[in-house]
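Me: I have a protein model to look at. Can we go through how its helices pack, step by step?

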Amino acid sequence: MVPMVDKADGASRERENYLIRCKPVGWLDEESKITVFHLPTPVRPIYLCRLKKINPWTVLPNHNAPFMQEDTLKGSRKLLYILMKILKELTGSDVKSFRMKAAIASSWPHIWCPPAKEKLGKEAIKLMKHPYLKRKFDGINPKLAQKGFCKIDLSNLSGGKIKFIR
């Protein structure tokens, strides 16, 4: 088992160092999932200790505050997340759902200031520039490519339109 510090601040340096140094089976997939989120913490945060078995010999601990709270994907944030999931499918992106959720949570950290419902396309374009999502929506789904489409133009997304180019 990988040693962890007692402080639950979301830092995962020990875990990352262990994975890079020892390279256990399944380490590369786990290393790509390590993310440190800097979000406002509730007054009385709840810390989680999660153990994940990545192979028969290695268990990785993760001791931190969860970024997904009850209000993380609510209202227009949920609509934006659904739009991003649709764009993920259309573009054949390999971005992980938790990265999209984290990008939404860090771009709109306050409940009283959600993304505008009327401007979800514009908000999606803004979100695609987030460091977690940058250059992840540039491709095309292989099934659409088989149908003869070569590109998806998202430049008119702010106007509520997605253009399929043959």
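Me: This is a predicted model. At roughly what angle do the axes of helix α3 and helix α5 cross?
Reply: Helix α3 covers residues 76-91, and helix α5 covers residues 120-127. Their axes come within 10 Å. They cross at roughly 65°.

Me: Are α3 and α5 roughly parallel or roughly perpendicular to each other?
Reply: Start from the crossing angle, roughly 65°. Angles of 65 to 115 degrees count as roughly perpendicular. Therefore α3 and α5 are roughly perpendicular.

Me: Which residues of α5 make the contact with α3?
Reply: On the α3 side, the contact uses S76, L79, L80, L83, M84 and L87. By class, the contact has 8 nonpolar, 2 polar and 1 charged residues. On the α5 side, the residues are L120, G121, E123, A124 and L127.

Me: Which element gives the most to the largest nonpolar core?
Reply: This core has 24 residues. Within the core, M84, L87 and F137 have the most contacts. The elements giving two or more residues are α3, α4 (97-107) and α5. The top contributor, with 6 residues, is α3.

Me: Which residues does M84 touch, leaving out those up to four places away in sequence?
Reply: M84 is part of the contact between α3 and α5. M84 is also among the core residues with the most contacts inside the core. The residues it touches are M100, A124, L127, M128, L133 and F137.

Me: In what order do the elements of the protein chain run from the N terminus?
Reply: The chain has 6 helices and 4 strands. From the N terminus on, the order is α-α-β-β-α-α-α-α-β-β.

Technical notes. Residues numbered from 1 in each chain as written. Predicted model: local features only at pLDDT ≥ 70, side-chain atom pairs only at ≥ 80, totals over all residues. Heavy atoms only, no water. Axes fitted to C-alpha atoms, helices over the stretch in contact; angles between N-to-C directions. Parallel < 35°, antiparallel > 145°, perpendicular 65-115°, else oblique. Contact = heavy atoms within 4.5 Å. Nonpolar A, V, L, I, M, F, W, Y, C, P; charged D, E, K, R; others polar. Core = buried A, V, L, I, M, F, W, Y, C linked by side-chain atoms within 4.5 Å. Buried < 20%, exposed > 50% of the residue type's maximum accessible area, 1.4 Å probe, protein only.
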